[in-house]
Every structure is written in C-alpha cells, then in structure tokens.
Amino acid sequence: MDTSQDSILAEVTGSDYKYGFVSNIDTETIQKGLNEDVVRIISAKKNEPEFMLEFRLKAFKYWQTLKQPEWAHLKIPAINFQDIIFYAAPKQKKQLNSLDEIDPELKATFDKLGIPLNEQKHMTGVAVDAVIDSVSVKTTFKDTLAEIGIIFCSFSEAVHEHPDLVKKYLGTVVPYTDNYFAALNSAVFSDGSFCYIPKGVRCPMELSTYFRINAANTGQFERTLLIADDESYVSYLEGCTAPMRDENQLHAAVVELVAMENAEIKYSTVQNWYPGDKNGKGGIYNFVTKRGICKEKNAKISWTQVETGSAITWKYPSCILKGDNSVGEFYSVALTNNYQQADTGTKMIHIGKNTRSRIVSKGISAGFSNNSYRGLVKVLRGAEGARNHSQCDSLLLGSTCGAHTFPYLEVDNPSAIVEHEATTSKIGEDQIFYCNQRGIKTEDAVGLIVNGYAREVLNQLPMEFAVEAQKLLSISLEGSVG
Amino acid sequence: MLQIKNLKAAINGKEILKGINLNVNAGEVHAIMGPNGSGKSTLAGVLAGREYIEVNHGSVFFNGKDILDMAPEDRSREGLFLGFQYPVEIPGVSMVNFIRTALNEHRKYKNLPPLSASDFLKTMREKQELVEITAKMTNRSVNEGFSGGEKKKNEIFQMAMLEPKLSILDETDSGLDIDALKIVANGVNKLRRPDNATIVITHYQRLLDYIVPDFVHVLYNGQIVKSAGKELALELEEKGYDWIKKEIAV
Amino acid sequence: MSEIVNIYKDLFEANKLLLLNNVPHGLKIKREEAIHHFLEKGFPDRKSEKYKYTQLDNYFGNGYNKSLEYPKINVSVADIFRCDVPQLETHLLILANGKFYRFDQRGNLPKGVTICSLKDAIKTNPQIVDQYLGKLSKDEDVYASLNTAFATDGFYIHIAKDAALDKPLQIVNLLLSEEDLLVQYRNLIILEENASANIMVCDHTLSIHHFLSNIVTEIFQEKSSKLDLIFMQNEHNNSIKMQSTYVNQESHSDSNINIFTLHGGLVRNNINVLMNGEYANNSCNGFFMADGSQHIDNFTFMHHAKANCESSQLFKGILDNEAKGIFNGRILVDIDSQKTNAYQKSNGILLSDTARMNARPQLEIYADDVKCTHGSAIGQLNDDAMFYMRSRGISKPESRLLLLHAYAYEIVEKINIEPLRERIDEMVGKRLRSELARCHNCPMHCC
C-alpha cells in the first residue's frame, strides 16, 4: 500500500465517533461492586415478585463458581467486578402519564441520537422502547399495539403485568448456566424489552429497542425476551450507542427468542457502542448471548447484525432448529478498526427434520484490529434432510489487521448436506482503478466497494436501518484502500 | 409402444400433471410443445422415473409393461431413453467407463454376454461419427467441462450406443447454435427406425424443421389441450401460446 | 500428574542407560527436554482444541508392551511379505516394528544419496542428526515429544545438493508381534538444495495383535528441492496410529504429500508445514475410507511464514457404519506473507445413519494481499448424478460404486507414478467393494 493510500485510510478511519457526548441527566446509582446484597437491592428496587429474586440468586450463586473465560484470538483484560456499578437509572417520577413528564434532558438526548420519543414526530411504522443505562424510559406506540393483542413493554413492566409469560419463558432459551456472562446477566439484569405476539398476528410495525449507556462506571445488563406465537410475524430492531469515556465499560446482555408453529421472527441489530479511541483506549466490552429457538414446525428465525462499535465484541446469535422444517438464518457484517476486536458468528443446531439454515458473514478489518468469524453447524442424528450453507468472507484493509475464520461442522446424519465456503481478500487495485477511471475518487470507491461487499447482508435490514447501516460503514471505511 | 392414461403427478404436493393421455406407436415421432411451466419436463421426469415426482393417478404402459413401479435403471434397460435438458456433470467418471458399464448392464438384462473390449471400441467409434464428436471427448469425465453443444451431442451419442426403443428428448435444442442443432437433429434422424419411436419436447418450433414430427401435442397447465399434425407447430410459432390459452378460456 | 503419564516417567528412568548414555550430547539433551515437555503437559484432553475429537491417553496407558528392546521376531519377514506394485522398480527399505530390518537396493545408489536406519545415522552422521532431529517438533506437540524421548530407530534419508534418488524408494513398516505392542519410531528426510526424491511409506500389520504406533517424521527441504511422498495406511482395525509429519520448506521448494487411509482402527495424522522461504509450493491431500467403528482424524497446519508461497489441501472421506471422520485444517498467514495463495477443501460422504463427520477448517490471516479460500462439505452422493447413471441402465449399487470411486480418484490422480497410481486406484476400488485390499502375494490376512 502506498503512502497516499495510507494517509487516506488514516484520515477516514480516524473519523470521530459522533455519538460520544455525555448527557447531564440526574442519575440514581447504587454502590459499586457485586455481592448477594447488590442482587437483592436490584430486585427490591424493581419491586420484583419472589420468583424473579430466586432466579437472580440462583444465577448469582452459579456465577460465583465460574472463572472469567479466556478465548483464543481475543485479548480481554481481567474485569474487576467490584469496580462496576450494577444499577443506574435516570431519576424520574415513578409513573409517566404523558410525554411531558419525561426529563427534558433525557428527551433531548434521544432527539440528538435521532430517536424521538414523541410518537407524532417519530418515523412512522417503528415503535421504540428506549433504554438508558439500566432502565427503560419510554415505550412508544404501546397502546396501538395493545389493540391487536401485542405486548410490547419494558422487561420490568412485563414482570409485573405479565408474570406468567415471563415465568414460562425466562431462561428457557438461554439458561443462566449457559456461560459466564449469561450467568452474570441473569443475576443483575436491570431492564430490557419484552414482547409477545399472539397467535395469528402479523405485527404491523417494526418494533425497536434503543440502548444508551450514559452514566460513568456502570455496566449495562439488559435482557430481551421475545415470543412469537403460532402463525405470527414480527420484525425487531435494536440499536445502541454510548459516550466516549477513557475507561472500558461492560455490556453483557441476553436475548431470548421463541418462535412457535409457522411463526417468523426477524431480529436486526445495528451495534454502534463506543469503540474506543484510535489508540485502543476506552470503549465498550460487548459480551452478548443471543439465541432463538424454533420450537415448533415451520418456524423461522432470522438474525441480521451490523457490528461496527465496541472495543471487544463477543456474540454468537444462534438458532435451535427444533421444529420440523424450521429455518434459521444469520446475516452479519462485522467491521473492526483501530484496536477493536470482534469475535462473532453463530450456532445453528439442527434437531428437527428438514431444518434449513443459512449463514452469510462478511468481516471487514482495518487498522490494527482483529476480526474473527466463529461458528458451529451441528446436525443431530434425528435431523433427517437438514441443509446448511455457510458463506464467510473477509476483507482486509491494510496490512496491520487480521481476519480469521473458525467454522465447526459436526454432522451426525447422513442425509444432511452441510457446506461451508470462505474467502479472504482485499480490494483489488484494478477495482479502484476502474472506479477512478470513471471519475470516482478513491475514498468513494472504497465506500462503494465495501457497501457492495456487504450488500447481501444490508439487504436483510428493514429500510430505515439499512440506510443507517450503510452510512455507518461508509463513515468508518471511506478511503481505506488495502 | 407407450400408453399413458390419465396420468396425474405432483411435486412437493403441488399437482403439475393433471391427467395426461398419450399413445405412441413404433415408428412415430411425437412433439410435445408448451409454454414454460406447463409440465413438459415433469412428464419426461415421470416417464424416466424421477423419484421426487409423486404419481398420484393413472398408468403408464411401455411395451405392455406397467413401468411406474420400475426403478429408473430397469426402465432404461427396457429401452426407454431420456435425453436430459441439463446433462449432469460427473467428475472423475470417464465417459468410456460410464458408457461401457451402461451398455453391459443393458446386455446383462437381455442375457447377453458383455461386449469385448475391441467390439466395444469399434461400436464407440461408429457412433461417435454419427454425432460428430471426437474420441477426445469420450476420454474425458462425463459431461465435465463440456460446452452446451457438446453436452447435447453427448446425449445423442449415448442414445446411439444404447439403441433405445423410445427416446424422450427433453429440450434438446435449448442452448444450441444452428450448426450444433443440425448435427443433433441429423443424429436423431439417422437413428430413426420403423421399430423405435421418439418424443421431442421443445419450446420452439425451430427443432421441428429438422426433426419432422408425425404428431404435435400442446401441453398447457398439466394437460394436453390440443393434438394435431406437424402444421400445428407452425401455427404455434406464428401465433404464440396466447392463442391456445384464449382458445381454452373459450 | 496422571497415572498414565507416570508410566512414561518410569519407563524413561528405567531406560536411561539406553536413551542417554553413549549417544551424542545434542540428542541426549533433546531427549531430556522432550520427556520434560511431555511430563509437564501430559496428554491432551477434550478441552484441547487440537485433540477435541480424538483422545488417545487411555490407549497409551493400557496393555501394550512398552519395552524399548527389540521384540523377538520368529518368522522371516521378507519371506512372508512381498509387496508388489507391478512394473515398479523401487528400492525397498523394511522396518519391523519401527526398527531397521533390511534394505534391498536396486543397483548402486546415486552419489550423494544416503539411505539407512536412524540408529546407524546417529553413529555415522551424528552432526547432521543433531542439526535436524527435533528442530521442527520441539515443544510443539506432546505426542511428538514422547516420540523424541523414546524413539531410537526409524529411517534416515539424506539427499545431497543437486542429487536425485534415481528410483522411487518404498519404505515398509511391518508390525508383527506375539503380544500387544507400542511402537515408536522416528524418521528424518533431508533434501539439500535442488535435491529430489520420490518416497512411499506403507504400513502393514502381519499379526492380529493390537498395535499402538507413535511416529514422527521430520522433513527438511532446502532451496529448490522436490519431494513426492505417499503414505499408505493399511493396518488392521485393531491398530491405533498417531502419525506426525513436520515439513520445513525453503524457497522454491516443492512438496507433494498424499495420505491414503484404507484401514486402521484409529488413525490420527498431524501434518505441520512451515513455508519458510519464498515461492515454495506445498500440496497435501488425503483420502480415507472408514467403516465399522474406525476413527480417522486428519489435522493439517499450513504456516505461511514467507511471501509468495502456495499451499493446497484436499481431504476426502467416505464413512460407513459407525465410522467417524474428522478434518481439522488450519492456515496461518503471517503479516509479511503477501501474495500468499492458500487453498483448502474438505469433503465427507456419509453412507449410513450412524456414520459421523466433523470438519473444522480455520483461517488466520494477517497479510492483506492474499488469496485464501477454504471450503467444506459433508453430505451424500449427488442425487442428479445417481439418477443420470440409473437412467442409462446402470444399477443403483453400481452407480454408487462408480461415483464413490470417482470421488476417491480426485486424490488418487495426484500420484505421479503411473503404476503406483493404478495400484492404489485398484486398492481403493477393492476397498469400496469390501474386498481384501491386500497385496497379491501376501499370505497374511492382515487387512
């Protein structure tokens, strides 16, 4: 790579994180550190029923028996859990009766992020649950949705209003014993979104959760539980940002999806947590466990993710394909720059007959970053006729970054067909030259090519998000010629 | 030779053939034409024994035998040949080995001893000339790296080798330039005898300029909606399939 | 320290005289370091990524006679074993239970070619052995360390600068014993600048006892050298084999390694290649056929440490009954290894409901101007091809055989000695037909 290209790369990939501001919101926090009392305090603050406290305590006891895991290809410093505040909430009146009662500063924060909490102003067709630090502050279009039987609210609210549903499904897809961070989340999660789509209902608008970390020294532990009953459909989006801070902040979320017979869930993520600065200082540690189960026949779960933020990303949105003929999909674009590390991928567990899964993963590495795809396709003995196709491509921009692919294929049924393909490449000089010759400057050409490269995944996103995601990719990568 | 009675067949539960009736006698050439999706290839597949096509109703007799329960290889040995629309590439299996195995299996079925190596090579050479393919081609793996035209010529070459009683040529003209088309048609014509028959499945009339049919059938929406002499093909060429569709609507 | 590991600690103590006295100083140090490495690490368990699907420690613990002395051979090996590859004249080196037995050379060896036992080489060329032995395997793998500590014999091939082995060399290791036996042997292949060799290594079991082999071969290819190496693994199904091969390639060297595994109860192949000079080329392929409860695990590691090199791997397997197949292939491209071209493909066909195949291709890329692809497919024979053949009158079982044979041929055709290629093709065909894939003149029903 010649120096002019180097400088373009440096210039563009060095562009600022535009969501890095801090809002001056009056925040209630508890003391730093983690012990059984903290777990009890969180539960008490949320006025939770007994079954929730039991769940938390079991998870906490289990977590205490675990050690922070070490992963190949990820350098994760030991996290001091006694230095983290496990609960922070914007101070506001208990019950919100109208929009006017929301702290104006808070409202301004979301306006600045482009997420208006005012339904009239909001982009039509998207209902939003806004979560700041540890709690949900506002859910829009709740009433409209309730008319057709859809429950869309904060997790805390669901615990009070729909305890039976929560009790029935919480921890059934991601048990608290699943892994270190899932156990931690189960013990201390403070809020999140809850959604239930009743039988036969097609959710008429995109549901969305917007996560924002604001307070310093806090960890964010939210939990999403989404149930799509027979013959229903829902498309769900989540977005996230955080202020620029010098210290690393921990985000350990859990998402559980349940799709019943003939139900379809589309779950899209545009992850843009603060990635840290050019020298790798600060940024969010994003350790997320996301899993869905296609519980009954013909169910479908589709994960789409655009991962551009976080200092370290560790997440594997997965599908358990239990129902016969059920379908799992995973579409991912993961972009790492500077000193970011991403280790992401999926697990497709084929249990039912004629289950199908498709994996499309596009990794883009720049700067000094490392980007890994890690995935498992497992076909159990009874999964007659299972099919999988995986395509994992890596694009390297510059010669100081790394791209890695670790697919695991385990097949125990002879009628299954499992295929994996992977390529690693860079942007060809002839491609750039071709664009140049047509009058497109190099940095635009790179943006074009990278977006073209990611197209297959971006196409899976709902319109509003696709545009956002495309911009996000261009901002981080314009001009990075490898 | 071939009697199809009220044949109904489905793929993945969706009915494609909705009651086909057709009789083919020795010495005849039948053309089956029809718009895309009318069920032409499904019909060819049912006759050859494609396992994914479910036969729900009707019967198919070939030389007096009910063939619907027969394995594909036994239908072949009985003398039924399918020229594939998309001949399959089989890397690593040489053409020579492939066709010799097939030929000897046919002979075994008729209680004949396997062909000696020299007789086999002699036959190969004769038949190669018929479709103007080179020995080079037969030294390669089955259809691997063949051009569209070579694949179709190879189908006719195999037909010549196996000497079937009934040949079903599924869209043999697709993807052929005019020279290859002539060679293929010429091969088919040379193989015509009073004791064999041919069914030509095609979308276009073009091929029928070279392989002149005795009967033309129009397949539409899973049924034969019109049968006539060779002039029907010309009429279709001129007026298109919409004309038939309208006629049926009336 | 586990009980099993202790067995080897005691074994080393008991044989100190043999292993450490009267041996070149360098070798003594290497053996001591190796046993330390082994004792410190112990056997890998399920948590080990490298040995996730294959644990061998129990085999290393039980039953086998572990004596380092020659077991007594009561029959004349050469009389009962006559391996025939028609029309192929080869030099023939025979090992019995990993120890040198005899060498039948065809005519005089060309100048610059040395073929002998490792044991002899240690005496006659101690500096060369010292320079190379253990260089690639040191601290790399515990099984290799175990071998370094205990192996006292094996084969040694040294081809001097610009020399070439005139005829292929066939090396046959015969396993025969009157009790279950642990066999560890060690091989060195050194090709100096512009040297070339064509080598085939076969394993045969000549008695029905259980054999546990732990073999290490280190291969050094200097500039512009060329090596063709075939491993023919055809031991009976009571045998367990751990075979590690290390290759160091300097610039413009060319290496072709093909492994055929037709029989063997449990086989694990480790192939580690270091591309240590620019414009080196490596092709490494494997074919395995397993039925019953066979377990075949192939592990490859291609390390592109220099720019402008090419590597390719193709591993294919056919699995029937309860057999299990594993492919684990890692490609590492270092930061300065620009213009690397790395290709990898693994493919498995399952013929029964209870056969299993796991594949783990891994790419780790740190250079940006590279072409790396890997692909993996597990499934069945192509339905369309099956139907096409059947529609031409070929029966279902025969179509299947033809397709399976063709499937294997993609690897077989990489053998560049024609009679050998035909012979191995024939063996694969016989194996597919479940006929004995043994050599014609061999009276032992060992396979």
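I began with Thr198(B), which is buried at a relative accessible area of 4% (buried means under 20%, exposed over 50%, partly exposed in between, with a 1.4 Å probe and protein chains only). I note that the model is predicted, that local features need pLDDT of at least 70 and side-chain atom pairs pLDDT 80 or more, while totals for chains, interfaces and linings use all residues. Residues are numbered from 1 along each chain as its sequence is written, chains are lettered from A and ligands numbered from 1 in the order in which they are written, and side-chain values use heavy atoms, with hydrogens and water left out.

I then placed Thr198(B) in strand S10 of chain B, residues 197-202 (helices, H or I of at least four residues, and strands, E of at least two, are DSSP runs numbered from the N terminus). Setting aside neighbours within four places in sequence, I listed the residues in contact with Thr198(B) as Glu28(B), Val29(B), His30(B), Leu166(B), Ser167(B), Leu169(B) and Val188(B), contact being heavy atoms within 4.5 Å.

Next I turned to the interface of chain C and chain B, where 16 residues of chain C are in contact with 30 residues of chain B. The buried area is about 1900 Å², with 63% of it from carbon and sulfur atoms (the accessible area, 1.4 Å probe, that two parts lose on being put together, summed over both). On the chain C side, I found that Phe387(C), Tyr388(C) and Arg392(C) lose the most area to chain B, together 40% of what that side buries.

Which residue of chain B does the side chain of Arg392(C) meet in a salt bridge? I found Glu155(B), at 2.7 Å from N to O, and the rule finds 4 salt bridges across this interface (a side-chain nitrogen of Lys or Arg within 4 Å of a carboxyl oxygen of Asp or Glu).

I also looked up which helices of chain C take part: H9 (383-390) and H10 (396-412) each supply at least two residues of the side that touches chain B. H9(C) gives the most to that side, with 6 residues.

Last, I looked at chain A, which has 11 helices and 24 strands, and in which buried residues make up 65% of the 482 residues. Of its contacts with a separation of 6 or more, 83% are between residues 24 or more positions apart. I recorded its accessible surface as about 17800 Å², 48% of it belonging to carbon and sulfur atoms (Shrake-Rupley method, 1.4 Å probe; for residues, only the protein chains shown count as cover).
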